[in-house]
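Subject: Structure handover and notes on its salt bridges

Dear colleague,

I am passing on the structure below, followed by some notes on what turned up in it. Please read them alongside the model.

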Amino acid sequence: MTLEFDQGSFRDPRGRIFYRDGEVLRHIAASAASDFDLYMESGLGPALVERGWAVSSEEVSDAPAADGDRIVRHSRIPFISYPYEWSFSLLKAAALHHIDTHLLALDHGMTLSDGSAYNIQFDGVQPVFIDILSFIRYTDGDHWKGHQQFCDHFLHPLLLASGTGVPFQSRLRGDTEGIGASELLRLLPLWRKYSPRTLFNILLPERLSSAGGKKNARPASYRPLPKSGLVFLLRHLRKWIEGLGVDFGKTTWSDYYSASNNYDDRETEQKRAVVAEFCRTCRPRMLWDIGCNTGTYSEIALSSGAGHVIGFDFDTAALEAAHHRAKEKSLAFTPLFQDSANPSPAQGWSGAERRSLGERRNADAILALALEHHLAIGRNVPLAMVVDWLIGLAPTGLIEFIPKGDSNLDLLLRNREDIFADYTEANFHALISERARVVRKDVVSGSGRTLFWYDRTGSR
Amino acid sequence: MFVFGFTLGVVALALLPSQAHAYLDPGTGSMLLQGIIAAIAGGLAAIKIFWARIFSTVSRLVGRGDGGGGTPSK
């Protein structure tokens with residue numbers, strides 16, 4: 001039996017997450033036990049679980065705990081992701097979920113102590129609340145102490161993307177505390193900055209606090225906020241966020257499959273068939289679709305036997321389309337923001353609070369379709385290093401090779417010297433063979449695009 | 001004066017919600033905003049009571065009211 005504490009679970013001293021042989025357990029200190037009891041006995045916990053809004057919590061007795069402390073077991077989330085990996089739609093869904101959960105909690109005599117986006121995870125594109133210690137007893141008059149954190153983690157990034165068209169992901173990755181009010185106000189265009197909502201909710205409090213708040217060392221006293229006021233605040237935020245949209249413009253990839261001329265229908269059909277057969281054979285519980293675009297092949301994978309698909313792409317508009325697909329069709333598909341040439345690092349406190357993408361590897365199989373040339377040609381990553389990285393992600397997978405002469409590849413080379421003498425299909429094949437068994441090889445386009453099915457389990 | 005100040009202090013302390021769960025700094029701006037909403041909510045409640053009183057007084061004066069009790073006397 002091995003016990004391992006979660007490196008990102010330490011901010012609230014009343015409890016901590018740890019892992020025991022694949023189980024997710026939470027230690028709840030005696031000081032938080034009454035809140036946990038209320039969470040379960042008020043019916044809030046069961047109501048959230050029934051709706052799929054929160055992880056389940058089941059008390060366990062076979063784990064060591066001091067007197068009065070509790071240990072509970074939580075249901076597992078297919079893949080842990082972070083707000084800087086979410087698309088606009090995912091962050092918006094998480095924000096609305098946070099508010100809806102809070103409103104439901106108030107109906108049960110509880111409130112949320114914080115407003116952290118890291119307390120939400122996704123199962124498909126359904127947000128799930130994971131931090132049950134955030135639920136505390138509500139007393140009429142209490143302020144919501146997580147309001148500012150909610151704004152920094154959710155509202156401000158959404159307003160940034162919505163108001164300027166600049167994606168928030170790199171900012172959230174740069175500062176895991178979110179985007180502060182003063183930072184946002186410097187970035188918003190004038191007419192957004194002085195809109196009534198921004199004026200009242202962000203500009204006014206920011207100016208008032210920077211005017212006098214810092215000099216005063218005494219704890220601030222404040223007027224009790226009646227429940228109707230708190231509900232008003234939450235509904236007001238909800239309505240505001242609900243109405244936020246984003247226009248990232250027409251990006252390179254958002255219409256890739258509809259506009260691309262590298263495939264005719266018959267060829268697309270062939271690629272689909274290989275992906276479907278791959279998934280029918282491997283039946284991966286978890287598949288990573290790297291460079292998922294709008295999720296066409298993720299969907300095929302799911303209908304061919306894959307249990308969950310996590311898609312990665314760095315095109316924000318394509319991710320929006322992928323989110324739409326997953327939501328409309330209720331797919332077990334989570335499309336996430338990720339630049340394969342610069343994947344999420346380990347960061348936060350001690351460089352371990354938020355885990356790197358590599359540390360979160362849990363794929364049984366990968367799809368990497370029309371991806372490697374962006375790394376090998378677009379980013380100058382030597383072909384051997386690209387193959388190393390991809391094959392290291394999962395024991396088996398399907399990798400597409402795009403040869404020179406393909407119009408999409410030639411586009412990458414049109415304004416530069418071709419310094420990629422070893423970029424050949426034969427070399428690519430050899431590189432895979434050195435690391436895994438090539439199960440199958442299918443040419444799927446007239447330009448010579450080839451799907452390599454590799455398997456590095458067992459003997460080669 | 002001392003007694004007044006002391007009483008005010010006790011009242012202010014009583015109005016402060018429990019700090020037991022405040023592992024997070026709520027932020028001055030956020031507290032001010034919620035204070036403003038609280039003031040507006042308080043103001044709205046006062047206006048509501050005020051109007052209810054005026055309404056019941058006027059109703060009584062013109063003789064159509066039920067005296068504000070709601071239940072007719074037998």
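Helices (H or I, at least four residues) and strands (E, at least two) are DSSP runs, numbered from the N terminus. This is a predicted model, in which local features need pLDDT of at least 70 and side-chain atom pairs count only at pLDDT 80 or more, while totals for chains, interfaces and linings use all residues. Residues are numbered from 1 along each chain as its sequence is written, chains are lettered from A and ligands numbered from 1 in the order in which they are written, and side-chain values use heavy atoms, with hydrogens and water left out.

In helix H3 (residues 88-107) of chain A sits Thr101(A), which counts as buried at 0% relative accessibility; buried means under 20% relative accessible area, exposed over 50%, and partly exposed in between (1.4 Å probe, protein chains only).

Across all chains, the whole structure holds 30 salt bridges, each being a side-chain nitrogen of Lys or Arg within 4 Å of a carboxyl oxygen of Asp or Glu. One of them joins the side chains of Arg70(A) and Glu59(A) at 3.8 Å, N to O. Because Arg70(A) lies in strand S5 (residues 70-74) of chain A and Glu59(A) in strand S4 (residues 57-59) of chain A, this pair ties together parts that are 11 residues apart in sequence. Arg70(A) is buried at 18% relative accessibility, whereas Glu59(A) is partly exposed, with a relative accessible area of 45%.

Another salt bridge links the side chains of Lys271(A) and Glu400(A) at 2.8 Å, N to O.

Best regards
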